[in-house]
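Please examine the sequence and the three-dimensional structure shown below. The briefing that follows describes them topic by topic.

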Amino acid sequence: MIVVSAKDDFVQCESTVKNWATSSFNYRVKGDKLTLRDLLFFLHVPRTGGRTYYHCFLKKLYTKDQECPSSYDKLRFDPSKPNCRLMATHDDYSMMSKLPKERTSVVTILRNPVDRVFSTYEFSVEVAARFLFIPNLTAATRMEAQPPSKSHGTNTLDIWPWKYLVPWMRADLFVRRDAREIANILEIKETGDPYNMEHMVMPLHKFINEPLAHDIVHNGATFQVAGLTNNSRLAESHEVRHCVRKHPSLGQYVLDVAKNRLDDMLYVGLTEDHKESATMFVNMVGVQVLSLLEALSSRIGQAANNRTELNSSSGPDSSSQLQSSIADENTSGIPMGNVETRNENMTVVKLMEAYEVCSSGFRKTLSTRRNISFKRISIVNFSDEARLQVPETVLQQILLLNSLDVELYKHAQDIFAQQQKHLAEKLVKVEIQEMWRDSFGDSPWKVLPLTIAAFLFLALIFFILSSRRTSKLKV
């Protein structure tokens, strides 16, 4: 048996993490990051409001045929030749190793780390509580094993990280319910802190200290953006993650890689700045998607017209030449499939209006579902107000356990501010161009004589003023 000293273990771990970080920096995508590429990868960090973006933005921009055939947990298409334009998933950044990186843009949303931990805990309890109508845990587990009907869509228990967190929390809820029955506890009084109700649900302060929470929840955003979750497609991810957990100082390498990844993204949103993030998404991403789809629709229509004309006046050779020209023209890799009318008719204004209506209804639906779940543990009443009752020591511990996420979130805030500045400058330029067009039309030659005359007039004034100043000096 070989005994490795703590010092040697650190050196070995440092080498492992460093090598991974170096290879990650070499993997950077070149080109203009603000230009939408063929495939949009929505890296959905859990509990950041990503479902609202997916249902109320992305599904209105892209048709079903344009979505990649993948669930939120399993890749179901050939990533080297994606005949699709949108992939929204909880998969981490390691997914990029399977995608054509030069043709893929990445967008994501980050959230205040403390709020994200709260929300992760609450959602784990909410989904687990849905099983409490079942007599026992064995029956609940058996029910979970049954394949869901197609009408219900993706099962939450098939999605990372809920496929780990929910069964764990569900087992804990059943154990506590059985313990109450054995102890003949018929009634539990409400306390000032619903996050610490030992008899009903695992308290928050215990949740954050569990090994599973350390592996999945804490610094989860950093590890997901870096591509190092326990759902990673990188062979070395487990070893790197283990080394960082064991030697926290090595986390700086992971943080640097995650920051680098954010820098290269097309768009980074913030949950806390929901309204501003949505507006920015429309102007930074939505505009480009609509423009790209409009160009695609126009090309397909033109190609169809040309094909009809050639088929009626030429032989088969001319038709095959047209197909070849279409393939050559389609250098961006846009699939030449059907474009549904909802994309053609969508505008930026309509998209924002549709989002506001959709997001409002979506939030109401989620709230209703949440209330139904919590009726089974009725005295547990999670809310923003209730979070204020959580002891400061617990909040500080959450911050400490998520130190990498805290730093990554600060970096995301800086990127968000840069995006705001860039967008403001872009909108000012557009406004000036529109004013110019309204005043003088599209041709600059119409105003060139006026521009030259104004320049000569200013030069003449400057010359006169300079001459007077020179004369006074001579006197």
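Contact, as used throughout this briefing, means heavy atoms within 4.5 Å. This is a predicted model, in which local features need pLDDT of at least 70, side-chain atom pairs count only at pLDDT 80 or more, and totals for chains, interfaces and linings use all residues. Residues are numbered from 1 along each chain as its sequence is written, and side-chain values use heavy atoms, with hydrogens and water left out.

**Overall make-up**

- The protein has 18 helices and four strands; helices (H or I, at least four residues) and strands (E, at least two) are DSSP runs, numbered from the N terminus.
- Of its 475 residues, 43% count as buried, where buried means under 20% relative accessible area, exposed means over 50%, and partly exposed lies in between (1.4 Å probe, protein chains only).
- Among contacts with a separation of 6 or more, 80% are accounted for by residues 24 or more positions apart.

**The sheet**

- Four strands form an open sheet in the order β2-β1-β3-β4, with parallel pairing; two strands pair if DSSP finds at least two bridges between them.
- The edge strands, each pairing on one side only, are β2 (86–89) and β4 (267–270).
- From one strand to the next, the twist averages 15 degrees.
- Strand β3 (residues 104–110) runs parallel to β4 and is joined to it by four bridges.
- I109 has G269 of β4 as its bridge partner, and L110 has L270 of β4.
- Helix α2 (residues 50–61) packs on the sheet and touches β1 (39–43), β2, β3 and β4, its direction making about 150 degrees with that of β1. Axes are lines fitted to C-alpha atoms, for helices over the stretch in contact, and angles run from 0 to 180 degrees between N-to-C directions.
- Strand β4 is covered on both faces: Y267 and G269 on one side, and V268 and L270 on the other, are all buried.

**Nonpolar cores**

- A nonpolar core is a set of buried Ala, Val, Leu, Ile, Met, Phe, Trp, Tyr and Cys residues joined through side-chain atoms within 4.5 Å.
- The largest such core has 72 residues, of which L40, Y53, F57, L262 and V285 touch the most other members.
- Helix α11 (residues 274–313) supplies the largest share of this core, nine residues.
- Apart from this core lies another, of 44 residues, among them A140, W162, L165 and V390.
- Not counting residues up to four places away in sequence, Y53 touches F42, L58, I109, Y267, H274, S277, A278, F281 and Y355.
- In soluble globular proteins, nonpolar side chains tend to be buried together.

**Helix packing**

- Two packed helices are described by the angle between their axes and the distance between the axes.
- Helix α3 (residues 113–129) and helix α14 (residues 348–374) have axes that come within 8 Å and cross at roughly 65 degrees. Helix α3 is therefore roughly perpendicular to α14, as angles under 35 degrees count as roughly parallel, over 145 as roughly antiparallel, 65 to 115 as roughly perpendicular and the rest as oblique.
- The crossing of α3 and α14 is left-handed; a crossing is left-handed if the near helix is turned anticlockwise from the far one by less than a right angle, and right-handed if clockwise.
- In this pair, E122, V125, E126 and A129 of α3 meet R369, R370, S373 and F374 of α14.
- Helix α4 (residues 137–145) packs against α5 at an angle of about 155 degrees, with the axes 10 Å apart, so the two are roughly antiparallel to each other.
- The crossing of α4 and α5 is right-handed, and its contact is made by L137, A140, T141 and E144 of α4 with R170, A171 and F174 of α5.

**Selected residues**

- R170, in helix α5, is buried, with a relative accessible area of 3%.
- Leaving aside neighbours within four places in sequence, R170 is in contact with A128, F131, L137, A140, T141, E144 and L157.
- K163 is placed in helix α5 (residues 162–182) and is partly exposed, with a relative accessible area of 27%.
- F223 lies in helix α8 (residues 220–226) and counts as buried at 3% relative accessibility.
- F223 and A258 are 35 residues apart in sequence and 7.6 Å apart in space, C-alpha to C-alpha.
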